[in-house]
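Trainee: Could we go through this one together? I'd like to start with the packing and then move on to the charged pairs.
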Amino acid sequence: MIDRVIHEAHVWWPKKVKEFVTVQDGGTATDFEISQPYTVRGDGKAVSVEIRNYELPASFTYYAVPKIDKDAFLLARISGWDQLNLLPGPAKIYFEGNYVGASDLDPRSTIDTLDLSLGRDKRIVISRQPISEFTKVKTVGSNTTKECRYEINVRNTKKDAIDLIIEDQLPVSQNSEIKVSDEEYPGGSLDEQTGKVTWRMNLPAGSAEKRTIGYSVKYPKNKQLQNF
């Protein structure tokens, strides 16, 4: 459970003030009315107080793109947030009692789920390495063919099972002289427009999984390839 998502604010209310708060939605504005009189200290010190507390269901998924970054990131997807009359602005995020970072909340979004990044988790170990026997370059006539195969290894060292999304990419040629073939991505789904490959998996505690991705690129030998 996400412990807290807090908008930046410094207020002078006592800690029990949330028990006397009612929310009035006027259509164009939302008012937080406090019905209980109170006395504030005059010592000039700012105090942060929780005005309102809500509990919402959240699903947790790990996300990784090992081609770019070897770490896995925990993502919380929250539903029902659009009923809370949230204001746009910065928010502090706490997870398992620890501060994990800041995010920008935009309640004007039309998306029905709110995604919050909870940071890296070093307990999910990921590597992406070329498979040497399948990675080679050969030239025949006026063309060069580059064959690439990669192995992605994932290990869950946590004590709990996790849901994990891994993304990689196959090259997409925009040049008729460059041909991409022999695409392999067992168990993954491909977006043909972008070349993005996605694997979804559930990893039990202490378990490991392996995925592979590969392709061949044929191009004129007098050209230099970039991002392939």
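Trainee: Which residues does Val-154 touch, not counting residues up to four places away in sequence?

Mentor: Before that, note that this is a predicted model, in which local features need pLDDT of at least 70, side-chain atom pairs count only at pLDDT 80 or more, and totals for chains, interfaces and linings use all residues. Residues are numbered from 1 along each chain as its sequence is written, and side-chain values use heavy atoms, with hydrogens and water left out. With that exclusion, Val-154 touches Ile-124, Val-125, Ile-126, Leu-164, Ile-166, Leu-203, Ser-207, Ala-208 and Glu-209, where contact means heavy atoms within 4.5 Å.

Trainee: And which residues touch the most other members of the largest nonpolar core?

Mentor: Val-154 and Leu-164 do, out of 34 residues in that core. A nonpolar core here is a set of buried Ala, Val, Leu, Ile, Met, Phe, Trp, Tyr and Cys residues joined through side-chain atoms within 4.5 Å, and buried means under 20% relative accessible area, exposed over 50%, and partly exposed in between, with a 1.4 Å probe and protein chains only.

Trainee: What about Arg-149, buried or exposed?

Mentor: Arg-149 counts as buried because its relative accessibility is 12%. It lies in strand E11, residues 143-156, strands being DSSP runs of at least two residues, numbered from the N terminus.

Trainee: What does the side chain of Arg-149 reach at 2.9 Å?

Mentor: That side chain reaches the backbone oxygen of Tyr-215. Leaving aside neighbours within four places in sequence, Arg-149 is also in contact with other residues, including Phe-134, Asp-182 and Glu-184.

Trainee: Switching to charges, how many salt bridges does the structure hold?

Mentor: There are 13, each being a side-chain nitrogen of Lys or Arg within 4 Å of a carboxyl oxygen of Asp or Glu. One of them joins Arg-120 to Asp-69, with the closest N and O atoms 3.1 Å apart. This pair links distant parts of the chain, since Arg-120 is in strand E8 and Asp-69 is in the loop between strands E4 (58-64) and E5 (72-79), 51 residues apart.

Trainee: Which residues are linked with those two in a network?

Mentor: Asp-71 and Lys-122 are linked with Asp-69 and Arg-120 in a network of salt bridges.

Trainee: Why does Asp-121 count as buried?

Mentor: Asp-121 counts as buried because its relative accessibility is 8%. Asp-121 forms a salt bridge with Lys-158, the closest N and O atoms being 3.9 Å apart, and Lys-158, at 13% relative accessibility, also counts as buried.

Terms used: Helix = DSSP H or I, 4+ residues; strand = E, 2+ residues; numbered from the N terminus. Polar contact = N/O pair within 3.5 Å; in protein donor to acceptor, adjacent residues only side chain to side chain.
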